[in-house]
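Please read this briefing alongside the sequence and the three-dimensional model, which are shown next.

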Amino acid sequence: MEYIFETQNLKVRKFKIEDARCLYENHLEEEVKKWFPNESYADMEETKDAIKFYIDCVNNKHLPYVLAVELKNTGELIGDTGVNKTDENSNELEIGYTICKKHSGKGYATELLKAITEFITHTFEINILYGRVIRGNSASVRVLEKNGYKFVQEEFGADDDPYGNGMLIYKKIY
């Protein structure tokens, strides 16, 4: 398997169709659904279609650029990460990540965000990244802050804010 980048504990790569079951199950976890309500897949067919789309985007360096995250020591798929365009500016991207509950709280998200931030800024030759967090997701706020992302504003009325509590917007100039 060809890896795009590695960290101390993680390997990051393109998705493969064989990841469908694990990706589907990871995104069905209550914790993922709570903070990423629009990121669950309806069924395995939708998951496979999404993976094909992600592979095509990575192969052609198009957005959204979504990658699989696995544990280095076991090869287990534990999450995903990627970037997409913002509504505001084509020279800025929004970054995201998920780590399944079984592996949350072990520092993997912080490690992943640091590495993906560096990789994306070089790969896409941009220097401004945003992280958007549903108000109340204090774990993700800590991950962003540990990686030098600074709070810039609160957004209300976003399509991906199902609770109507507001989205916290963080920014990193690299």
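The points below cover the overall build, the surface and the salt bridges.

This is a predicted model, in which local features need pLDDT of at least 70 and side-chain atom pairs count only at pLDDT 80 or more, whereas totals for chains, interfaces and linings use all residues. Residues are numbered from 1 along each chain as its sequence is written, and side-chain values use heavy atoms, with hydrogens and water left out.

**Overall build**

- The protein holds 5 helices and 8 strands, where helices (H or I, at least four residues) and strands (E, at least two) are DSSP runs numbered from the N terminus.
- Read from the N terminus, the order of these elements is β-β-α-α-α-β-β-β-α-β-α-β-β.
- For 174 residues a compact globule would have a radius of gyration near 16 Å, and the 15 Å of the protein agrees with this; the radius is taken over C-alpha atoms, and the globule rule is 2.2 Å times the number of residues to the power 0.38.
- Of the contacts with a separation of 6 or more, 57% are between residues 24 or more positions apart, a contact being heavy atoms within 4.5 Å.

**Surface and burial**

- Buried residues account for 48% of the 174 residues, with buried meaning under 20% relative accessible area, exposed over 50% and partly exposed in between (1.4 Å probe, protein chains only).
- The accessible surface is about 9,200 Å², and carbon and sulfur atoms contribute 45% of that area; the areas come from the Shrake-Rupley method with a 1.4 Å probe.

**Salt bridges**

- The whole structure contains 9 salt bridges, each defined as a side-chain nitrogen of Lys or Arg within 4 Å of a carboxyl oxygen of Asp or Glu.
- Glu6 pairs with Lys72, with the closest N and O atoms 3.4 Å apart; because Glu6 lies in strand β1 (residues 3-6) and Lys72 in the loop between β3 (65-71) and β4 (77-85), the pair ties together parts that are 66 residues apart in sequence.
- Glu76 forms a salt bridge with Lys102 at 3.5 Å between the closest N and O atoms, and since Glu76 lies in the loop between β3 and β4 and Lys102 in the loop between β5 (92-99) and α4 (108-123), this pair ties together parts 26 residues apart in sequence.
- Glu76 is partly exposed at 26% relative accessibility, while Lys102 is exposed at 57%.
- Within helix α4, Glu118 and Lys114 lie 4 residues apart, about one turn of the helix, and their side chains meet in a salt bridge of 3.3 Å, N to O.
- Arg13, Asp19 and Glu70 are linked in a network of salt bridges.
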